[in-house]
Amino acid sequence: QVHLVESGGGLVQPGGSLRLSCTASGGTLERYAIGWFRQTPGKKDHEKVSCIGAGDGVTLYADSAKGRFTIFRDNVQNTVVHLQMTRLKPEDTAVYYCATACTWYDDDRWGQGTQVTVSS
């Protein structure tokens, strides 16, 4: 079973960019759909941001992410899936998580998330 760790978060000004990475241990990711999710302070739900399918690589994005975020696989390292985020807004501030699914569920295999803070 793969275990996932998120990285790449940080503090960025509005309009800035960040690239998040979802890195696997215990296996490779090419046969998994990978979803990126975020959780904002005070909210229990994990909002789906983006997902990339296994095999066909079909991608989908939340309306809030369309045109600004791009999910893609690292084809050199089959253990990494990135989320490139551009034109960041304060409302993108959240802890970002990845999972081997396009619908969130709690699992010990997922990481602790990476904090993204968009603020001037």
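Buried means under 20% relative accessible area, exposed over 50%, and partly exposed in between, with a 1.4 Å probe and protein chains only. The model shown here is predicted, so local features need pLDDT of at least 70 and side-chain atom pairs count only at pLDDT 80 or more, while totals for chains, interfaces and linings use all residues. Residues are numbered from 1 along each chain as its sequence is written, and side-chain values use heavy atoms, with hydrogens and water left out.

**View 1. Strand β4 is largely enclosed by the rest of the structure.** Helices (H or I, at least four residues) and strands (E, at least two) are DSSP runs, numbered from the N terminus. Strand β4 covers residues 34-39, and because six of its six residues are buried, the rest of the structure largely encloses this strand. The covering applies to both faces of β4, with Ile34, Trp36 and Arg38 buried on one side and Gly35, Phe37 and Gln39 buried on the other.

**View 2. A disulfide joins Cys22 to Cys98.** A disulfide is a pair of cysteine sulfur atoms within 2.5 Å, and in the link of Cys22 and Cys98 the distance from S to S is 2.1 Å. This link is right-handed, with 80° about the S-S bond. It connects distant parts of the chain, as Cys22 lies in strand β3 (residues 18-25) and Cys98 in strand β9 (residues 94-99), 76 residues apart. Cys22 counts as buried because its relative accessibility is 0%, and Cys98, at 0% relative accessibility, counts as buried too.

**View 3. A disulfide joins Cys51 to Cys102.** Here the distance from S to S is 1.5 Å, and the torsion about the S-S bond is about -60°, so the disulfide is left-handed. Distant parts of the chain are linked, with Cys51 in strand β5 (residues 47-52) and Cys102 in the loop between β9 and β10 (114-118), 51 residues apart. Cys51 counts as buried because its relative accessibility is 1%, whereas Cys102, at 24%, counts as partly exposed. The structure holds two disulfides, and with bonded cysteines counted along the chain they follow the pattern 1-3, 2-4.
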